[in-house]
Amino acid sequence: MNILFAASEIFPYAKTGGLADVAHALPESLRDEGQKVYTVMPLYNQVDREKYEIIYNGLTFDYWLFGVRHQFDIFENKNNRDELFIYNPVLCDRWGLYNDDFGDFGDNALRFGLFSYAVLEVMIRLKLKIDVVHVNDWQTSLIPLLMKTRYKLKQKTVLTIHNLAYQGIFPKKVMDELEIDWKSCFKFDGLEYFDNVNFLKAGISFSDSITTVSKTYAQEIQTPAFGETLDETLRVNSYKLKGIVNGISTEVFSPSKDKFIDKNFSIDEYGGKLENKINLCKELGLKDDKRALFIFVGRFTSQKGVDLILDAISLFKTYEANFVILGSGEDIYNHSFGSLVGVYDNIHIKIGYDEAFSRKLYASADFLLMPSLFEPCGLNQMIAMEYGVLPLVSKTGGLKDTVTDFTDIKDIENSSLGLGITFDEYNLFWFNHALAKAFSLYGNKDKFERISKHNMGVDNSWIHSAKEYLNLYKS
Ligand code: ADP
Ligand code: GLC
C-alpha cells in the first residue's frame, strides 16, 4: 500500500499538541508494517532545517489562484526522502503555526487552502503512486474536496478528526479566493455551514472514510453535547465513521532511553524513577519528596479541565502533596496560572511549552491530573503510564477507553488495562473525591508500586491501531 499522509504539524519538526505526535508515530508504525508512507507538512519558519537535515528536493512550481501567483518550493528530509515539506511564504513565513498572541491569523483559509492545493500538486508533479490520501483535521480537509471536484482523482481518502472543537470556519468569500466550485461544494452535504464555509465539514462530506481517535469519542461526537454543531452532519455520515484509538511512539516516550530525564529506568530498574522524583523536588524547591507528586501537562484551554484545576488550587495548597503544572494556552488561563507562580510552596507552576521539562515530570510523577471536559483521545495519559504514572482522569472520550479505575480490577498483574483513577461527573466534588482516592492508594506503598509497574508494561504502542488503519485503507 502507498499512503500519502498530510498534516499541519509533525513531531519533531513542529508540534502544538497530540496531532504532531500521531502524525509522526502512525506513519512510522505503518512503515514498520512494510507500507510506503509519504508524509507532507508545511516547512514553517520555526522548523530547524539544519538540525533535521531538510534539503531542497529540486521541485519549485507556481500555482495561480484568483489571479494571484503563489510559489512553492519542495523539500525533503535527507535521511528519509519520503518525508516531504512544502515551503510557501504565505503559509510559512511567520512565527506560530495557526495564531500569535493576538489570535488566529486572519489568512488561515488561504494558508491552508494553499497547502491543500500544494499537497496534490506535489503528488502529481513528483509522480507519486498513491493508493490512499490520509488527511488530518481542518487544515488538510479541503484535500478530499479538491480531489473529488477540481482534480477528479480516484485515490481513496481518509480524514481523521483529532478534535471536533476546531473546524476552520471562514466567510464564504474564500470560496472565490480558493477557486472552490460553488455548485458542487457550497451546500449542506458539502462545506456550507450557516452561510459560511467550514473546512472540516468539507473533509467530512467528501472523504471516503472518517476516523476519530477513540471509540467513545466516535459515539460522543454524534450527540449534541459533544458534536460542536456538527453532530447532525456526523450522524448523516456515520456509515463511514469509525473510532480508532491512538497509540504513542514507544521509541520517543521510553523511560529506559529518554535523553531528557536524569535517570533512565524500567520495571526491573525502578529505583531510577524515585531518584528522578528526588532530583526534581530538589530542583524546584518542593518540600518533602516522600509526598505524592501530582503533575499536569497540557494546553491551557477549557477542554483540558483547567477550570477545575484552578478551582482546586485552594485545596491543593492544603494537601500534603506536591503539584507541578506545566502548560500554556489561552490568555485568561495564562494570567490565572501566572498569578499563582511562586505563591504556594507545594505548587510549582511553569507557563510555557517545554518538551524536556515535560519528560522530567512524567519520569518523576506519581499521578497525572487530566480532568478533561472532553478528550478525543489524549496522549498524556498513555505517555504517563509508560513512565509508571497513574492517571487521574474524567471518564470521557479516549480517557474512558484507555484508563480503568484500579478499584474495578481484582487481579492487577493479569490485567492488560492501563490503571488509574477515574471520575464520572465533571465537577469539583468528584474531582476532589478522585484526589482522595489517590491519596489513600498512595498510602498503600506496595499496591501503588505494583500498579505503577503494571502501567509501564501496558501496551500503548501503535501496533494494533496501525493494523486497523491498514484494514481501513484496504477496504
Ligand atoms: P492535545 O493534542 O489535545 O493537546 P494530547 O494529550 O493528545 O493533547 O497531546 C498532548 C501532547 O503535547 C503530549 O505529547 C504532551 O506531552 C504535549 N504537551 C502539551 N502541553 C505541553 C507543554 N506545555 N510542554 C510540553 N509538552 C506539552
Ligand atoms: C487532539 C485531541 C487529543 C488527541 C490528539 C491526537 O489534539 O485534543 O485528545 O489525543 O488530537 O489525536
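Visitor: Which ligand has an oxygen atom with a polar side-chain atom of asparagine 380 lying 2.9 Å from it?

Guide: It is ligand 1 whose oxygen atom lies 2.9 Å from a polar side-chain atom of asparagine 380. This is a predicted model, in which local features need pLDDT of at least 70 and side-chain atom pairs count only at pLDDT 80 or more, while totals for chains, interfaces and linings use all residues. Residues are numbered from 1 along each chain as written, chains are lettered from A and ligands numbered from 1 in the order written, and side-chain values use heavy atoms, leaving out hydrogens and water.

A polar contact is a pair of N or O atoms within 3.5 Å (within protein, one must be able to donate a hydrogen and the other to accept it, and residues adjacent in sequence count only if both atoms are side-chain atoms). Tyrosine 362 also brings a polar side-chain atom to 2.8 Å from an oxygen atom of ligand 1, whereas leucine 379 uses a backbone N or O atom, again 2.8 Å from an oxygen atom of the ligand. The protein covers 93% of the 570 Å² of accessible area that ligand 1 has on its own (Shrake-Rupley method, 1.4 Å probe; for residues, only the protein chains shown count as cover).

Visitor: How many residues surround ligand 1, and which are the closest?

Guide: A residue counts as near if one of its heavy atoms lies within 4 Å. For ligand 1 there are 21 such residues, the closest being Gly18, Asp21, Arg299, Lys304 and Leu379. Helices (H or I, at least four residues) and strands (E, at least two) are DSSP runs, numbered from the N terminus, and those giving two or more residues to this shell are helix H1 (18–32), strand E15 (292–300), strand E16 (321–329), helix H14 (355–364) and helix H15 (380–386).

Visitor: Where does ligand 1 lie in relation to domain 1 and domain 2?

Guide: Domain bounds come from an automatic or database domain assignment. Because domain 1 (2–247 + 463–474) and domain 2 (271–457) both give residues to its shell, ligand 1 lies between them.

Visitor: Which residues are closest to ligand 2?

Guide: Of the 14 residues that surround ligand 2, the closest are His162, Asn246, Gln303, Glu375 and Gly378. Oxygen atoms of ligand 2 lie 2.6 Å from a polar side-chain atom of histidine 162, 2.8 Å from an N or O atom in the side chain of asparagine 246, and 3.0 Å from a polar side-chain atom of glutamine 303. On its own, ligand 2 has 310 Å² of accessible area, and the protein covers 93% of that. Helix H1 gives the most to this shell, with three residues, and domain 1 and domain 2 each provide at least three.

Visitor: What classes of residue make up the two shells?

Guide: Ala, Val, Leu, Ile, Met, Phe, Trp, Tyr, Cys and Pro count as nonpolar, Asp, Glu, Lys and Arg as charged, and the others, Gly among them, as polar. Around ligand 1 the residues divide into six nonpolar, nine polar and six charged, while those around ligand 2 divide into six nonpolar, six polar and two charged.
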